[in-house]
Amino acid sequence: MPQVPLTCTQTGQPVPDCLVHTLDGNFVDGSGRTLLLRGVNLSGSSKAPVGHPSYALKDFWEAGEAGSESFVGQPLNLDDGSADEHLRRLRGWGFNMLRYPITWEALEHEGPGKYDYEFMDYTIRVLRKCKEYGFKVYVDPHQDAWSRFSGGSGAPYWTLPACGINPRAFTATQAAILHCEYPSPLPDLRDPASLPPMIWSTNYGRLASQTLFALFFGGRTFAPKCIIDGVNIQDYLQSHFTRAFAILAERIRDAGGLLDEVVIGWDGMNEPAEGFIAYPDLNVYPTVQGSTLKKGSVPTPAQSFRLGMGQAQTVDNYTFGAFGPRRDGTVTIDPNGVSIWADPADEPGGVHPQWKWHRDPQWRLGICVWALHGVWDVETGYILQPDYFRHLPWSSLATSCSAEPQPRVEVDFLQDFFLPQITSYFSAIRAAHPNAIAFVQAPVFAVPPEVPETLLQGRACAAPHYYDGLTLLSRHWSWYNADALGMIRGKYSNPLFAVRVGEKAIRACIRNQLGVLKEDAAPRSPSPAVRTRYPTIIGEIGTPFDMDGRASYEPSNPRYGDYRSQERALDASLSAADGVNALNYTVWTYCTDSTHQWGDGWNMEDLSLWSSDDLKRRTESTTSMGMTMNGGVARLLPRYVSPLLPYTSVSEPAHVRLAFLRDGARAVRAFCRPWPISTVGVPANIEFDIGKATVKIVVSVRAVDMPRVYEQLGDGEEVEDIGGAEEDSKKMKGSGTTSVYFLESEKTFEEKPSPLPTEIFLPLVHFASETCVSRSLVIREQTLPDGDVDPDMHGIGCVTTGTATPNAYTASTATLPLSPSSSDLVSPSEIRIVNEAYDVTVKMSEGRVELCERTQMLRWFHAVPTTPGAQKEDGAIKYPHGAGACSRLVGWMEKLCGGDLNPCPESCIVM
């Protein structure tokens with residue numbers, strides 16, 4: 001790992017110990033250990049105000065128009081104790097990273113320049129609570145299809161009338177599909193529960209979203225007449241968006257103790273879309289597979305223009321079958337003269353009576369903005385410039401030697417429009433948060449552009465999203481799948497070549513797709529010697545839980561309560577992030593108000609890892625269940641939870657913790673999985689078998705990976721020899737600043753013990769002892785009263801192998817010799833640790849381990865080569881011994897160097 005800097009390049013100040021670095025393709029802590037940051041999006045519920053899910057029509061338009069709805073209470077309720085319950089659960093599942101969705105609407109819903117400081121202060125309180133539980137956070141300016149009022153989430157209501165649009169006409173014109181008005185706002189026809197899966201995403205291909213994104217990213221280029229308050233609509237929208245999140249960053253900065261310590265960075269706009277920009281022909285819908293879904297009515301852009309002006313159109317209709325979208329006849333849409341374009345009477349004299357903006361006279365209301373710019377003719381419906389969005393504005397300037405006009409230049413959305421927007425945005429964020437990591441997210445599945453280092457500044461991360469599209473759309477885990485990323489990027493001449501059959505092939509295909517996304521962060525260099533500089537985090541990944549007609553939810557269905565299909569699907573995706581990919585990720589999502597009936601409360605999506613409807617004792621009396629309310633949504637709190645205690649101080653028995661971690665969780669074995677959190681070196685391979693509960697971890701270690709230990713010193717003080725190798729260590733003097741200590745050796749081919757361990761999350765969910773499992777099952781039938789703890793059930797807080805004896809221990813010593821070369825080890829030593837919490841057998845090629853039950857952490861102290869340029873691989877494998885949480889769930893470790901078992905490169909160490 002490259003040397004961790006001592007001075008911040010952004011501020012010129014000494015690097016704080018808490019700072020997370022982005023070096024050599026990885027997140028790195030202050031000591032130089034590689035971090036894997038894994039967690040969840042907290043939360044999908046944040047797309048809407050508390051108590052106002054997407055299916056609710058009452059006051060939907062009125063509150064939006066008034067700008068009166070506050071998002072205070074999202075994503076956690078800080079007033080009823082439930083925030084501690086949920087954060088403790090997430091931490092107990094091993095997660096250390098939160099992607100924190102916040103919509104533009106939540107910050108600026110009252111009107112342009114009117115900010116909700118109460119919500120910002122509430123967000124600061126939630127972030128402080130996240131800090132108590134040790135989470136790192138990156139903020140996500142979330143949106144889907146532009147806004148709640150265009151069928152998604154994100155922008156405040158006032159942005160639509162600012163663009164000259166009347167959103168109440170969206171349903172009639174199908175310029176957008178709104179959940180609360182599906183399939184019609186008429187009381188006798190309205191049935192939001194029947195909204196088809198993922199049809200909300202077709203809004204990206206409909207008139208409202210495509211127009212709004214074209215104006216946001218390219219208004220100056222494609223809509224020069226759209227001037228409001230003296231600036232183009234592009235600048236108007238972008239400046240308000242950027243300023244809203246910059247003010248939030250300033251507010252968090254001024255609160256103190258959060259930036260860098262908790263909030264490590266900021267995402268760009270969630271899943272940015274091109275809108276019409278770069279569209280080749282407005283008369284046809286693209287025939288090449290793209291990321292925009294064809295489902296239901298599929299009007300071409302030309303048909304959308306006409307529908308938006310109230311003209312009836314007959315359009316193609318699509319269904320999503322076993323092999324993807326297929327045309328299924330046509331459907332006629334008749335708006336009966338209703339237009340999405342705002343009435344000129346709404347703005348007397350060009351001034352909006354409520355929002356107070358001044359619209360330029362050349363921007364006439366009541367007419368499609370694209371007709372206003374000569375793209376099409378309203379009277380005839382004829383498209384005058386079918387390739388209008390394909391090129392930059394045509395120039396009639398003649399060259400010095402020719403009277404011919406200059407050729408038109410094709411649009412590059414990423415370079416021409418996306419990069420300028422994120423540059424402005426991240427510059428504003430870093431004015432308040434200088435050390436912010438820029439989480440760069442290009443449009444879905446797009447090859448990201450070359451981002452200049454002037455923007456990245458050594459602190460950046462690629463943040464693409466990935467979903468198994470076939471499972472997400474079909475709500476079924478199938479025996480076949482396809483390489484969706486490869487198809488969208490033109491890898492196959494025929495879609496059939498992208499098909500994968502059989503679970504083994506599907507899993508390999510998903511892992512390969514995630515590998516491609518990781519490679520996107522690599523420098524565009526033909527030289528294989530050029531290393532990836534920045535890490536990759538999969539910002540969203542997950543699977544639906546309402547599979548197969550909601551079979552897991554129906555008491556009359558034989559599969560009631562059975563999440564095995566969901567487990568297989570989710571494990572396939574998260575296992576793909578393991579292997580040699582060793583990726584960071586934040587799973588979508590965790591919703592505190594998830595229910596079986598309405599899922600995540602947004603457009604019938606149902607991806608939350610937890611639901612109150614899955615609490616095993618939800619039908620018991622309130623004597624054993626606490627119940628609180630948040631905006632009318634019930635939260636069920638098991639009485640055995642101690643919600644007010646920070647995670648690190650909780651000392652309840654292991655079986656109580658195991659019961660708590662499993663209760664309400666769906667497919668918990670898939671997402672609560674073992675992985676190296678902090679690694680001395682870098683994770684070279686992670687393989688976890690969910691069926692056998694076995695995990696193999698291989699670590700690559702170089703001389704530069706020796707962790708550094710920071711000490712605060714006064715003038716003239718020396719750093720203590722923490723490593724115990726005083727004769728070979730270097731001691732540095734400080735001058736009242738942070739000094740650094742690290743082990744070095746002048747001996748050739750020698751190794752030194754690392755002063756810090758590689759830390760591996762070892763979940764009770766998989767590796768609990770038989771006693772722990774059996775007692776956790778009993779607790780679901782008989783709840784321990786608050787404060788009553790069986791003293792015999794307390795596990796040992798931290799078992800250090802070789803220094804402390806667990807309840808059962810079968811190795812004479814747990815400390816292996818740190819030999820000059822691990823290849824000298826003929827066979828690794830075996831350690832079995834058995835107590836009330838764990839039954840785990842460990843084999844490792846060298847070093848020693850500590851098992852800390854309270855944090856479910858295995859700490860592995862192994863050697864680091866001291867010779868410059870030397871490199872070796874250490875490996876860790878846990879394997880089952882005895883019964884466990886899910887039929888013989890424990891772990892195993894074994895040496896991989898030499899022999900017949902997967903020979904590793906020279907000097908491989910294995911745990």
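Residues are numbered from 1 along each chain as its sequence is written, and side-chain values use heavy atoms, with hydrogens and water left out. Because the model is predicted, local features need pLDDT of at least 70 and side-chain atom pairs count only at pLDDT 80 or more, while totals for chains, interfaces and linings use all residues.

Of its 911 residues, 61% are buried; buried means under 20% relative accessible area, exposed means over 50%, and partly exposed is in between, with a 1.4 Å probe and protein chains only. The accessible surface comes to about 33,600 Å², and carbon and sulfur atoms hold 52% of that (Shrake-Rupley method, 1.4 Å probe; for residues, only the protein chains shown count as cover). Among contacts with a separation of 6 or more, 69% are between residues 24 or more positions apart, a contact being heavy atoms within 4.5 Å.

Leaving aside residues up to four places away in sequence, L90 touches V40, L42, F95, L98, F135 and Y590.

Helix α7 (residues 207–222) is the bent one. Its 16 residues put the end C-alpha atoms only 15 Å apart, whereas a straight helix would reach 22 Å (the expected span is 1.5 Å times one less than the number of residues). A kink of about 70 degrees is centred on F216, the bend being the angle between axes fitted to the seven residues ending there and the seven starting there. Since 14 of its 16 residues are buried, α7 is largely enclosed by the rest of the structure.

Aromatic pairs number 44 across the whole structure. Rings of Phe, Tyr and Trp (its six-membered ring) pair if their centres lie within 6.5 Å; planes under 30 degrees apart count as stacked, over 60 as edge-to-face and the rest as tilted. One of these is the tilted pair of F60 and F149, at 4.9 Å centre to centre and 40 degrees between the planes. F60 sits in helix α1 (residues 60–66) and F149 in the loop between β6 (136–142) and α5 (159–162), 89 residues apart. F60 is buried at 8% relative accessible area, as is F149 at 0%. F217 and F413 make an edge-to-face pair, at 5.2 Å and 80 degrees. F217 belongs to α7 and F413 to helix α11 (residues 413–432), so the pair ties together parts 196 residues apart in sequence.

Finally, the backbone. Cis peptide bonds join Q74 to P75, with omega about 0 degrees, and Y182 to P183, with omega about -10 degrees. P183 lies in the loop between α6 (170–173) and α7. K356, not a glycine, has a positive phi of about 70 degrees and is exposed at 53%.

Key:
Helices (H or I, at least four residues) and strands (E, at least two) are DSSP runs, numbered from the N terminus.
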